[in-house]
Structures are given as structure tokens and as C-alpha cells.
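Here is a short report on one chain. Read it beside the sequence and the coordinates.

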Amino acid sequence: KEAVERGEALRVTDDGTEIVLVRADVYDRLAKLLYDAGDWSLEEMSRLAWEAGKSIGWDDPAMDLYDDYEKHRP
């Protein structure tokens, strides 16, 4: 209990699962550093979508057929 009051983490194990307990104010501070729940701009979402698409080959010229799928459909 004293460790948590000092802002230190307390580790406990429950059925083989390690759990870390911290004061709420410490958790809130860490959450702000690790997670941004704010709104993303259209530019940010577009950039991330483009990067994701590139990583799986959507920038390959062979994929251009899908831009005009109906035109190339048999």
C-alpha cells in the first residue's frame, strides 16, 4: 500500500497473469503519454491509409486495374 501511495507500481499475480497497480493520477499521466484519443485530421487519416496501402502493395502498377474495375470486367 505504501508503494502505491508514493506513486510506485505494485505488481501482483493472479492465476499466472501479472497485474500492475498504480494510482489513478499516475495512470492518467502515463495514458496521456502513450495514447492520443484526440481527433485525427483528414490529412493524418489519408496519410496513414496511404502508408497502409503501400505496405501491402496497393502502389503496384498492376493494381491500377482496380481503379477502373468495371471497365476491365469481362
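Threonine 13 has glutamate 18 as its bridge partner in S2. This is a predicted model: local features need pLDDT of at least 70, side-chain atom pairs count only at pLDDT 80 or more, and totals for chains, interfaces and linings use all residues. Residues are numbered from 1 along each chain as its sequence is written, and side-chain values use heavy atoms, with hydrogens and water left out.

Strand S1 covers residues 10–14 and pairs with S2 in the antiparallel sense, over five bridges. Pairing requires that DSSP find at least two bridges between two strands. Arginine 11 also has a bridge partner in S2, namely valine 20. Strands here are DSSP runs of E with at least two residues; helices are runs of H or I with at least four, and both are numbered from the N terminus.

Most residues other than glycine have a negative phi. Aspartate 15 is also exposed, with a relative accessible area of 77%. Exposed means over 50% relative accessible area, buried under 20%, and partly exposed in between, with a 1.4 Å probe and protein chains only.

**Helix H1.** Alanine 3 belongs to helix H1, residues 2–5. Alanine 3 is buried, because its relative accessible area is 19%. Its C-alpha atom is separated by 9.8 Å from that of arginine 23, 20 residues apart along the chain.

**The whole chain.** Four helices and two strands make up the secondary structure. From the N terminus the order is α-β-β-α-α-α. The radius of gyration is 24 Å, well over the 11 Å of the globule rule for 74 residues, so the chain is more spread out than a compact globule. That radius is taken over C-alpha atoms; the rule is 2.2 Å times the number of residues to the power 0.38. The C-alpha trace spans about 70 × 35 × 15 Å along its principal axes. Of the 74 residues, 5% count as buried.

**Confidence.** pLDDT is the predictor's confidence in each residue, from 0 to 100. Its mean over the chain is 83, and 99% of residues reach 70 or more. The table gives the elements with the lowest and the highest mean.

| Element | Residues | Mean pLDDT |
|---|---|---|
| Helix H4 (lowest) | residues 69–72 | pLDDT 74 |
| Strand S2 (highest) | residues 17–21 | pLDDT 92 |

Where pLDDT is low, the predicted coordinates should not be read in detail.
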